[in-house]
Amino acid sequence: MKILFVPCFVVACALGGCAAIVPSPPATENDFAAIQPGMTRDQVVARFGRPTWTFGVWQEDLTILNYRYSYSACTIYQVSVRPDGTVRDAGPAWDPHCDGPNKS
């Protein structure tokens, strides 16, 4: 008697019907340009996923969502969110993790 090993994911696909998972292309600056004042934080996160990192600006009571989308261009996209959860503004900025012009 011969026993065949069948990986679990093969069985799951056969039983559940598999759909090919095709990763979506990464967002570009043009994609991020669709973020407009008044949108909600939830709308931004639903479209672009969790931000790479966030920080607060206490003077203006804002939360800044930072999306890294181009390692080669040293550019991030920042979204300023008010306490009520709406976008105040958004735009590209220099990525602080890149070597700046004053670093050697």
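Two strands are taken to pair if DSSP finds at least two bridges between them. In the structure described here, which is a predicted model, strand S1 (residues 53–57) and strand S2 run antiparallel and are joined by five bridges. Within this pairing, Gly 56 has Thr 63 of S2 as its bridge partner. The two strands form a hairpin with four residues between them, and Asp 61 in this hairpin adopts a positive phi near 55 degrees. Asp 61 is placed in the loop between S1 and S2, and its phi is a positive value in a residue other than glycine.

Strand S2 also pairs with strand S3 (residues 75–81), again in the antiparallel sense, here over seven bridges. One of the residues concerned is Leu 65, whose bridge partner in S3 is Val 79. S2 and S3 likewise form a hairpin with four residues between them, and the turn contains Cys 74, with a positive phi of about 55 degrees. Strand S2, which spans residues 62–70, has eight of its nine residues buried, so this strand is largely enclosed by the rest of the structure.

Cys 74 deserves a separate description. Its place is in the loop between S2 and S3, and its phi is positive although it is not a glycine. With a relative accessibility of 16%, Cys 74 counts as buried, the cut-off for that class being under 20%. Cys 74 forms a disulfide with Cys 98, and the two sulfur atoms lie 2.2 Å apart. A disulfide is a covalent bond between the sulfur atoms of two cysteines. The count of disulfides in the model comes to one. The torsion about the S-S bond of Cys 74 and Cys 98 is about -100 degrees, and the disulfide is therefore left-handed. Because Cys 74 lies in the loop between S2 and S3, whereas Cys 98 belongs to the segment after strand S4 (87–94), the pair ties together parts that are 24 residues apart in sequence. Both cysteines, Cys 74 and Cys 98, are buried.

In soluble globular proteins, nonpolar side chains tend to be buried together. In the present model, the largest nonpolar core has 12 residues, namely Phe 32, Ile 35, Met 39, Val 44, Phe 48, Leu 65, Tyr 67, Tyr 69, Tyr 77, Val 79, Val 81 and Val 87. Helix H3 (41–48), S2 and S3 are the elements that give two or more residues to this core. Leu 65 and Val 79, already described as bridge partners, are both among the core residues. Ile 35, another core member, touches Val 44, Phe 48, Tyr 77, Val 79, Val 87 and Ala 90 when residues up to four places away in sequence are not counted.

Aromatic side chains were examined separately, and a search of the whole structure finds five aromatic pairs. In one of them, the rings of Phe 32 and Tyr 67 have their centres 5.4 Å apart and their planes at 40 degrees, so this pair is tilted. Phe 32 lies in helix H2 (residues 29–32) and Tyr 67 in strand S2, and the pair therefore ties together parts that are 35 residues apart in sequence. Phe 32 is buried, with a relative accessible area of 3%, and Tyr 67 is buried as well, its relative accessible area being 3%. Phe 32 also forms an aromatic pair with Tyr 77, and this pair is stacked, with 5.1 Å from centre to centre and 15 degrees between the planes. Here the pair links distant parts of the chain, with Phe 32 in helix H2 and Tyr 77 in strand S3, 45 residues apart. Tyr 77 is buried, with a relative accessible area of 5%. Through ring pairs, Phe 32, Phe 48, Tyr 67, Tyr 69 and Tyr 77 are linked into a cluster, and these five residues are listed among the members of the largest nonpolar core.

A further loop residue, Thr 86, is placed between S3 and S4. Its relative accessibility is 16%, so Thr 86 counts as buried. Apart from its neighbours within four places in sequence, Thr 86 is in contact with Gly 38, Met 39, Thr 40, Ser 80 and Val 81.

Definitions and conventions: Residues are numbered from 1 along each chain as its sequence is written. This is a predicted model: local features need pLDDT of at least 70, side-chain atom pairs count only at pLDDT 80 or more; totals for chains, interfaces and linings use all residues. Side-chain values use heavy atoms; hydrogens and water are left out. Buried means under 20% relative accessible area, exposed over 50%, partly exposed in between (1.4 Å probe, protein chains only). A disulfide is a pair of cysteine sulfur atoms within 2.5 Å. A nonpolar core is a set of buried Ala, Val, Leu, Ile, Met, Phe, Trp, Tyr and Cys residues joined through side-chain atoms within 4.5 Å. Contact means heavy atoms within 4.5 Å. Rings of Phe, Tyr and Trp (its six-membered ring) pair if their centres lie within 6.5 Å; planes under 30 degrees apart count as stacked, over 60 as edge-to-face and the rest as tilted.
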